[in-house]
Amino acid sequence: MYKAVRDAVRVRLVGALMLRVRAARKDAGMVTSEYAVGIIAAVAFAAVLYKVVTSGQVQAELQEIVGRALSGGQ
């Protein structure tokens, strides 16, 4: 009797574990809409970064840094 109960519990536990593994595999990756939102966010960040880097103040600072590097730090 004890062995039968133990085997029944083991079968149920293994079955539940297999269901969880299958569910985890099914949700392992991103769907197309998530990729689209990620791409839009990356493009927006790139656009903001481009605007910052090409602004007058940042360009002047970068030119100063490059000028100092080329002149030997003087």
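**The nonpolar patch and its surroundings**

Modeller: Helix α2 is the element that gives the most to the nonpolar patch, with 5 residues. Please keep in mind throughout that this is a predicted model.

Colleague: Which residues form the nonpolar patch on the surface, and about how much accessible area do they have together?

Modeller: The elements that each give two or more residues to the nonpolar patch are α2, spanning 32-53, and α3, spanning 56-70. The patch is formed by Phe45, Val48, Leu49, Val52, Val53, Leu62 and Ile65, and the accessible area of these residues together is about 640 Å².

Colleague: Is Val53 buried, partly exposed or exposed?

Modeller: Val53 is a residue of helix α2. Its relative accessible area is 38%, and since buried would require under 20% and exposed over 50%, a value in between has a class of its own. Val53 therefore counts as partly exposed.

Colleague: How many helices and strands are there in the protein, and what share of its residues count as buried?

Modeller: Read from the N terminus on, the elements run α-α-α, which corresponds to 3 helices and 0 strands. The protein exposes about 6900 Å², of which carbon and sulfur atoms supply 68%. Of its 74 residues, the share that count as buried is 0%.

Colleague: How far does α3 reach from its first C-alpha to its last, and which residue just after α3 takes a positive phi?

Modeller: Helix α3 has 15 residues, and at 1.5 Å a residue a span of 21 Å is expected; the span in the model is close to that, at 21 Å. Just after α3, a positive phi of about 90° is taken by Gly72.

Colleague: Which helix has the lowest mean pLDDT among the elements?

Modeller: For the protein the mean pLDDT is 82, with 86% of the residues reaching 70 or more. Among the elements, α2 has the highest mean, 91, whereas the lowest, 76, belongs to the helix of residues 2-26, α1.

Technical notes
Residues numbered from 1 in each chain as written. Predicted model: local features only at pLDDT ≥ 70, side-chain atom pairs only at ≥ 80, totals over all residues. Heavy atoms only, no water. Helix = DSSP H or I, 4+ residues; strand = E, 2+ residues; numbered from the N terminus. Buried < 20%, exposed > 50% of the residue type's maximum accessible area, 1.4 Å probe, protein only. Areas by Shrake-Rupley, 256 points an atom, 1.4 Å probe, with all protein chains shown as cover. Patch = residues over 30% accessible without salt bridge, like charges linked within 9 Å, V, L, I, M, F, W, Y side chains within 5 Å. Salt bridge = Lys/Arg side-chain N within 4 Å of Asp/Glu carboxyl O. Expected span 1.5 Å × (residues − 1). pLDDT = per-residue confidence, 0-100.
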